[in-house]
Amino acid sequence: MSEVLAPAAPATPPLVSLTEDEALFRDNVRQFADESIRPKVREMDEKGVFDHAIIEQFFHLGLMGIEIPEQYGGAGGRFFESILAVEEISRVDPSAGVIVDVQNTLVNNALLRWSTEDQKKRYLPRMAANTVGAYALSEAGSGSDAFAMQTRAQLKGSEYVLNGRKLWITNGKEAGLFVLFATIDPAAGYKGITTFMVDRTFPGFTVGKKEDKLGIRASSTCELILEDCRVPKENVLGEVGKGYKIAIETLNEGRIGIGAQMVGLARGAWEHALKYSQERKQFGRTISDFQGIQFQLAQMATEIEAARMMVYNAARMKDAGMNFVKEAAMTKLFASQVAERVSSLAVEILGGVGFTKDYPVEKYYRDAKIGKIYEGTSNMQLQTIAKLVMQKQ
Ligand SMILES: Cc1cc2nc3c(=O)[nH]c(=O)nc-3n(C[C@H](O)[C@H](O)[C@H](O)COP(=O)(O)OP(=O)(O)OC[C@H]3O[C@@H](n4cnc5c(N)ncnc54)[C@H](O)[C@@H]3O)c2cc1C
């Protein structure tokens, strides 16, 4: 009897391979970033103000509601597409990248996972169409120790009354909706933390000072002031006292987004360094003819490739419903290190002009630093990774 061979199992696709749809999406975002964002990057950085017309284009292109289902007006995409968008936009401008990142990986993500059907109907169409979101966890006294927050929420009748201040809130200037964390009982520790959907228009809510920063200067980073801010009970997101879970789980996903931002940034800096090295002549040759420069470009490209595979793998794990906590922390830790090293070397490859504002590489270098700070500092990532790799197998 002849042997019947089972059909060959499909080969596992390489980590960085894209489906046709993903490649098309990436190409469209890349073209948009090159044509519509790039000409405005320098001025936005100098002024420390983001051009609102670009935000309108983000909405128009569906980039602010990538994972929001079509029934609520979104693009009905996957987390991986959000990651591709953040990478491609950050290649041109990491400030623009973080706007799209916070919207998709933190705010929409929290709403999609924890909101009720009524909340979905009220908020998701807005998030997809015209409302920028912000994610308000940090305070002056609680950064890495986020759950030591002091902002207080007290139930009075059908409303919660919020008092306190939030600090460092990305998109603060532009946002219409704030996913905001407060405690209903400071004595209860993390078990008092509750998540609220706070509209900018709610009475008692004010956006305060905007920070003047080293990098991602066009991305607004603001203080929020809550003085007897009244939030309807129907705007509690998830369960009362379970806000810590929402914070931890959304930030796990957000970290992959920051990894994508850092990979895009590193690619942007590398491309400028390559181009310059092929034009600049010293000793009668282009500097790219020197092995010393070639080796630097090769090292940078290798590190970018490694960081990118980590980002894509973590994102694919998330979409596959796997546990990705360790991979997300590693991705953010490593990609932010790569971004800093690559953008620093890019400045060196450009020599003196690399140190001036006439060329864009000094901006990538400044922008890279934030990757090691927000959504959990590098030490906090190392703490998570250590805990997970050192626990009994
Ligand atoms: C530009 C920008 C945008 C931001 N956007 C947002 C936002 O949208 N929403 C939001 O909620 N927050 C945001 N943040 C806040 C950011 O997440 C915090 O700044 C960050 O978590 C660090 O907190 P911290 O600044 O209080 O530093 P700290 O927590 O005071 O840390 C200071 C130093 O101590 C180290 N450290 C602290 N604890 C430990 C420990 N246990 N072991 C070892 N080292 C430790 C840290 O690694 C760091 O090096 C933003 C910050 C910036 C600068």
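# Report on pockets, ligand contacts and selected residues

A pocket is an open set of points on a 1 Å grid over the protein atoms alone, where a 1.4 Å probe fits and protein lies on both sides within 12 Å along at least five of seven lines; its lining residues have an atom within 4 Å of a point. The structure discussed here is a predicted model, in which local features need pLDDT of at least 70 and side-chain atom pairs count only at pLDDT 80 or more, while totals for chains, interfaces and linings use all residues. Residues are numbered from 1 along each chain as its sequence is written, and side-chain values use heavy atoms, with hydrogens and water left out.

The largest pocket holds about 1200 Å³ of space, a volume being the space filled by probe spheres set on grid points that are joined across faces, edges and corners. Its lining consists of 39 residues, and those closest to the centre of the pocket are R255, Y374, E375, G376 and T377. Four elements, namely α5 (94-114), β3, α7 (243-279) and α11 (378-390), each contribute at least two residues to this lining. Helices are DSSP runs of H or I with at least four residues, and strands are runs of E with at least two, numbered from the N terminus. The greatest contribution to the lining of the largest pocket is that of α11, with 6 residues. Sorted by class, this lining contains 20 nonpolar, 12 polar and 7 charged residues. Here Ala, Val, Leu, Ile, Met, Phe, Trp, Tyr, Cys and Pro are nonpolar, Asp, Glu, Lys and Arg are charged, and the others, Gly among them, are polar.

The second largest pocket has a volume of about 250 Å³. Its lining is made up of 17 residues, with V41, R42, Y359, P360 and K363 nearest the centre. Two or more residues of this lining come from each of α2 (41-47) and α10 (361-368). With 5 residues, α10 provides the largest share of the lining of the second largest pocket. The lining of the second largest pocket comprises 6 nonpolar residues, 1 polar residue and 10 charged residues.

## The ligand

The ligand is surrounded by 18 residues, the closest of which are Y135, S138, S144, W168 and T377; a residue is counted if one of its heavy atoms lies within 4 Å of the ligand. T377 also belongs to the residues closest to the centre of the largest pocket.

| Protein atom (N or O) | Ligand atom | Distance |
|---|---|---|
| side chain of S144 | oxygen | 2.6 Å |
| backbone of W168 | nitrogen | 2.7 Å |
| side chain of T377 | oxygen | 2.6 Å |

Taken alone, the ligand exposes 970 Å², and the protein buries 65% of that area. Accessible areas come from the Shrake-Rupley method with a 1.4 Å probe, and for residues only the protein chains shown count as cover.

## Two residues with positive phi

N171 is not a glycine, yet its phi is positive, near 75°. N171 is placed in the loop between β3 (159-170) and β4 (177-183). Because its relative accessibility is 1%, N171 counts as buried; buried means under 20% relative accessible area, exposed over 50%, and partly exposed in between (1.4 Å probe, protein chains only).

D228, another residue that is not a glycine, has a positive phi of about 50°. D228 belongs to strand β7 (residues 221-232). D228 counts as partly exposed because its relative accessibility is 48%.

## Further contacts and positions

T221 is likewise part of strand β7. Its relative accessible area is 6%, so T221 is buried. The side chains of T221 and K213 are joined by a polar contact of 3.0 Å.

T250 is found in helix α7. T250 is buried because its relative accessible area is 0%. A polar atom of the T250 side chain lies 2.6 Å from the backbone oxygen of I246.

R30 is located in helix α1 (residues 20-37), and a relative accessible area of 25% makes R30 partly exposed. R30 and S90 are 60 residues apart in sequence, while the distance between their C-alpha atoms is 9.8 Å.

K326 lies in helix α9 (residues 325-349). With 29% relative accessibility, K326 counts as partly exposed. Along the chain K326 and L388 are 62 residues apart, and 6.6 Å separates their C-alpha atoms.

Technical notes
Polar contact = N/O pair within 3.5 Å; in protein donor to acceptor, adjacent residues only side chain to side chain.
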